[in-house]
Amino acid sequence: MSIRRTTKSRRAVAVASLAAALALVVTGCGGDEGGKTGDSGSSSSAKPSDGDKGAGGDTAAGDNVDPNAKLAEIKGQGGLTLVIQQVKRDSGGFITVQGEIKNESDQPKNSAGWVGAESAVVAKNPNSVAGATLVDKAGKKRYYILRDTDSRCLCTTGILPLQPGKSTPVFMQFPAPPETSTEVDFTLPTFATTSLKISG
């Protein structure tokens, strides 16, 4: 329950931050080209034009992600690339992984393979990144994305098909390994596995 409250409070802060940013844009630019509404509800988009990138639903967990950061670049099937921008240990006992999936192919791509194979997860989290896992090699333990009591993942959901050249921000929250573990292996179905260093 505390994790859901934390997520809700982060969403509230994200909405407030987005509202303040939009107010500044309208004031500073006279509202001339600020008509894009960002139908995704995302608060982590780095650029105003990212509002139509293709992510919907819960798209961000934090406000302070550097969109230019690149902790890892992971190649996926069919011309997709996942750029990891942040891997942070939070005080609530979980790790948040944030990044961006880019479609570098010339064909639209969907998120069907990213959900994972467990039927309960697929049903509750369509078009999501719920299939991601972390492996703490030192502790010899695998961590799955956190879920609420209704089996909904604490991750990006409602991802629309990615058009060629477009990208979408994603986040995933996992239980945190022990403080002594500073590196984990990250896997998202259809993408290669990579090692990530934990910050925070």
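Me: Let's start in β6: which residue there is the bridge partner of Glu100?
Reply: This is a predicted model, so keep that in mind throughout. Strands β3 and β6 are joined by nine bridges and run antiparallel. Across from Glu100, the partner in β6 is Pro169.

Me: And in what order do the four strands of that open sheet line up?
Reply: Start from the edges, β1 (72-75) and β6 (167-175), each of which pairs on one side only. The pairing is antiparallel, and the order is β1-β2-β3-β6.

Me: How big is the average twist from one strand to the next?
Reply: We're still on the open sheet of four strands. Going from one strand to the next, the twist averages 25°.

Me: Which residue in β2 stands opposite Ile74?
Reply: β1 pairs with β2, residues 80-90, in the antiparallel sense, over four bridges. Opposite Ile74, the β2 residue is Leu82.

Me: Which residue in the turn of the β2 and β3 hairpin has a positive phi?
Reply: The hairpin leaves three residues between β2 and β3.

Me: How many of the ten residues of β3 are buried?
Reply: Buried means under 20% relative accessible area. Strand β3 covers residues 94-103 and is largely enclosed by the rest of the structure. That's because the buried count, out of ten residues, is nine.

Me: Now the cysteines: how far apart are the sulfur atoms of Cys153 and Cys155?
Reply: A disulfide is a covalent bond between the sulfur atoms of two cysteines. To count as one here, the sulfurs must lie within 2.5 Å. The count comes to one disulfide, formed by Cys153 and Cys155, with their sulfur atoms apart by 1.9 Å.

Me: Is that disulfide left-handed or right-handed?
Reply: Look at the torsion about the S-S bond of Cys153 and Cys155. The torsion is about -65°, so the disulfide is left-handed.

Me: Is Cys153 buried or exposed?
Reply: The cut-off for buried is under 20% relative accessible area. Cys153 has 7%, so the call is buried.

Me: And what is the relative accessibility of Cys155?
Reply: Its disulfide partner is Cys153. Cys155 counts as buried too, because its relative accessibility is 0%.

Definitions and conventions. Residues numbered from 1 in each chain as written. Predicted model: local features only at pLDDT ≥ 70, side-chain atom pairs only at ≥ 80, totals over all residues. Heavy atoms only, no water. Buried < 20%, exposed > 50% of the residue type's maximum accessible area, 1.4 Å probe, protein only. Pairing = 2+ DSSP bridges. Helix = DSSP H or I, 4+ residues; strand = E, 2+ residues; numbered from the N terminus. Axes fitted to C-alpha atoms, helices over the stretch in contact; angles between N-to-C directions.
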